[in-house]
Amino acid sequence: MAVLRTAEPGAPRPSRAAGAASGGSPTPARNRAGRRSGSLTGWMFVLPFLVVYALFLVWPTVSGLWMSFFNVSLSGSAGEFVALDNWIELFGDPAVWSSLWHTVQFTIISTPLLVGVGLGMALLTNRAMPARWLWRLAFFGPFVLPVTTVTLIFVWLFQPGFGLADTILGWFGIEGIGWLSDPRFAMWSIVLATLWWTVGFNYLLYLAALQSIPEHLYEAAAIDGASRWRQLWSITIPMLNRTTGLIVVLQLLASLKVFDQIYLMTSGGPNYATRPIIQYIYDAGFTNYRIGYASAISYFFFALIILVSVAQFRFTSRQEGKK
Amino acid sequence: MTTLTPGAARTTAGYPDAPTSRRPVGERVWNIVGLLVTAFVAFLWLLPLLWAADTSLKSEGETTQLPLRWIPESGFTLDAYRAIIEQGDLLRWFANSTVIAVAVTVLTLAIVALAAYGFSRTDFRGKGLVYAIVIAGLMVPPQVLIVPLFQEMTAFGLLDTYWAVILPQLAAPSMVYILKRFFDSIPPELEEAARMDGAGPLTIFLRIVLPLSRSVLVAVGIFTFIGAWNNFLWPFIATTNPDLMTIPVGLANVSSGYGLMYARIMASAVLGGLPLLILFVIFQRQIVRGVAHTGLGGT
């Protein structure tokens, strides 16, 4: 689940771009009501959630770190303490670096596409147009589908020879390509399926942001004789800056966690050419039964995610400071 | 992808006093071009779904015939649907997904709304620290938890039960964050009056705050439901018994199970996606508003 910190309804502007999580957001309301209720009442409200949260989020987070210092097998026996062995091993493990590279590769290819196409779709439909529900259904609909429906359909489209994708290439005189079986194309094919599946979310965020740009800016520009193209570059795109920043960050964080569609479409193949880091964690833990090692890689990856978040947070704060 | 149409961003509808000399003609041209481009992109985006539905309505022999035909020679048939429904697995996965997604949604809404209210309107010692810990949970990628969660579930003896799938999905800090922000924005005067009349915090929460929050609760509920229904990795790991599989996990086995029977595979894919597409059509407005205002969702 990704969370955008958008401002109050009606003004869908990120108050502060997502990333490093910080404390609550004080509003005047919270300081007045409820002050008098006793301490016990407060605990009663939050307790059910805290129990679940502690058991299924905090504890696994802590125990995973703990396990990374042991040689635990999947059978659950305690295993021996190996100190930093797992950690040292992972830095010398080429599979860690290659799967990390595939994750980064996927992120680098998919992020600009998912942001750009989402913006393009929002620009296209952000005006008085007939059948708005149809465009929304077409662009956002795929987002609600289960990942397996998406991958079954795309594996079928990408079938060598009699697949629809090859047929369309044929119209342009291009021989069929090994969409999922050729290491040169497999990652791109996965990105294509991902774009189709998830761009709708960015599309809706952009659409909401576009609708909050004040109309009078365009009126003024039109009176000054600014062309449509000019208005797009001088008003629309700059006004969307914060939304774009937010979408890029969310997309980066989402893309870094890629696993499901790759696992289902290529299982990381051909010849591990598309295996992402999450799948290596899965393989280490559930195929090779090395829970401790899988935990160490998880934490290595977790640290990278935090690094990206912190870097982004620093960057945004500096940007905001400039204004 | 298609190039952006310059000027597609706005119509003149909003500013009638724009220079009128040449605008109307140019405007109409832009509108038509914009509409055509939009229709083309929309068609591209619907194409995979249309092709899947089309394939599912063919006889197995005709799915792989070349050249491709949208309308098969022997006409459309429902054989593939009949076959997978008779086989029965899909219906069981439907039932499992429904039970799990409904349970996750109801339980999440209940405990998350209580907690968010507690953080928003009550005071207790350590609240700041506890809330900070909850917010820190936003940073933890759920995929990192699969290994320790699997061990934990083994220890609890919950593997291959509904609970193993349901429980971890309830720990949703993002939902607490969203609801707390919403509760913060409700004017406290409304609760003040009820408190004067002697209502306790729980009564105020149930009678006043929840009804005021219906729209945001619906949005959170829909997204929790979609997330739970579509979740793949965790249910895939937590269940090995085919009787307990959810739609996404069950469908993952379909392609191997059906071999090269593409009509059946596509019929399964279509049926697996249909409930959520219907849900989307019904709740379109709430979903759109939910994304726009709270920005929740996931990949």
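Is Pro242(B) buried, partly exposed or exposed? In this predicted model, Pro242(B) is partly exposed, with a relative accessible area of 46%; on this scale, buried means under 20% relative accessible area, exposed over 50%, and partly exposed in between, with a 1.4 Å probe and protein chains only. Residues are numbered from 1 along each chain as its sequence is written, while chains are lettered from A and ligands numbered from 1 in the order in which they are written. Because the model is predicted, local features need pLDDT of at least 70 and side-chain atom pairs count only at pLDDT 80 or more, totals for chains, interfaces and linings use all residues, and side-chain values use heavy atoms, with hydrogens and water left out.

Chain A can be taken up with its confidence values. Its average pLDDT is 81, and 85% of the residues score at least 70; pLDDT is the predictor's confidence in each residue, from 0 to 100. Over residues 1-37 of chain A, pLDDT stays under 50, and the model has 113 contacts beyond four places in sequence for this stretch. A contact here means heavy atoms within 4.5 Å.

The secondary structure of chain A consists of 13 helices and zero strands, where helices (H or I, at least four residues) and strands (E, at least two) are DSSP runs, numbered from the N terminus. Of the 323 residues in chain A, 54% are buried. Among its contacts between residues at least 6 apart in sequence, 66% join residues at least 24 apart. The chain exposes about 13600 Å², with carbon and sulfur atoms supplying 67% of that area; accessible areas come from the Shrake-Rupley method with a 1.4 Å probe, and for residues only the protein chains shown count as cover.

An unreviewed UniProt entry places the annotation "domain: ABC transmembrane type-1" on residues 100-312 of chain A. UniProt positions are given in the numbering used here, feature names are shortened, and annotations may be inferred rather than shown by experiment. Over residues 100-312 the chain is 73% helix and 0% strand, and the end C-alpha atoms are 20 Å apart. Asn202(A) lies in helix 7 (residues 186-211) and is buried, with a relative accessible area of 3%. Leaving aside neighbours within four places in sequence, Asn202(A) is in contact with Leu114(A), Val115(A), Ile247(A) and Gln251(A).

Chain B has 15 helices and zero strands, and 54% of its 299 residues count as buried. Among contacts in chain B between residues at least 6 apart in sequence, 71% join residues at least 24 apart. For "transmembrane region", the unreviewed UniProt entry lists several spans of chain B, including residues 129-150 and 162-183. Residues 129-150 are 59% helix and 0% strand, with end C-alpha atoms 28 Å apart. Residues 162-183 are 91% helix and 0% strand, and here the end C-alpha atoms are 32 Å apart.

Charged pairs come next. Side chains of opposite charge can pair when their charged atoms come close. Across all chains, the structure holds 11 salt bridges, a salt bridge being a side-chain nitrogen of Lys or Arg within 4 Å of a carboxyl oxygen of Asp or Glu. In chain A, Arg275(A) and Asp283(A) form one at 2.9 Å, N to O. Arg275(A) is buried, with a relative accessible area of 9%, and Asp283(A) is buried at 12%.

In chain B, the side chains of Glu191(B) and Arg121(B) meet in a salt bridge of 2.1 Å, N to O. Glu191(B) lies in helix 9 (residues 189-196) and Arg121(B) in helix 4 (residues 89-121), so the pair ties together parts that are 70 residues apart in sequence. Both residues are buried. Asp184(B) and Lys180(B) also form a salt bridge, at 2.8 Å, N to O; both lie in helix 8 (residues 173-184), four residues apart, about one turn of the helix.

The opening residue can now be placed. Pro242(B) is found in the loop between helix 12 (233-238) and helix 13 (247-258). Not counting residues up to four places away in sequence, Pro242(B) touches Arg92(B) and Trp93(B). The C-alpha atoms of Pro242(B) and Arg92(B), 150 residues apart along the chain, are separated by 9.1 Å. Arg92(B) is also linked with Asp89(B) and Asp243(B) in a network of salt bridges.
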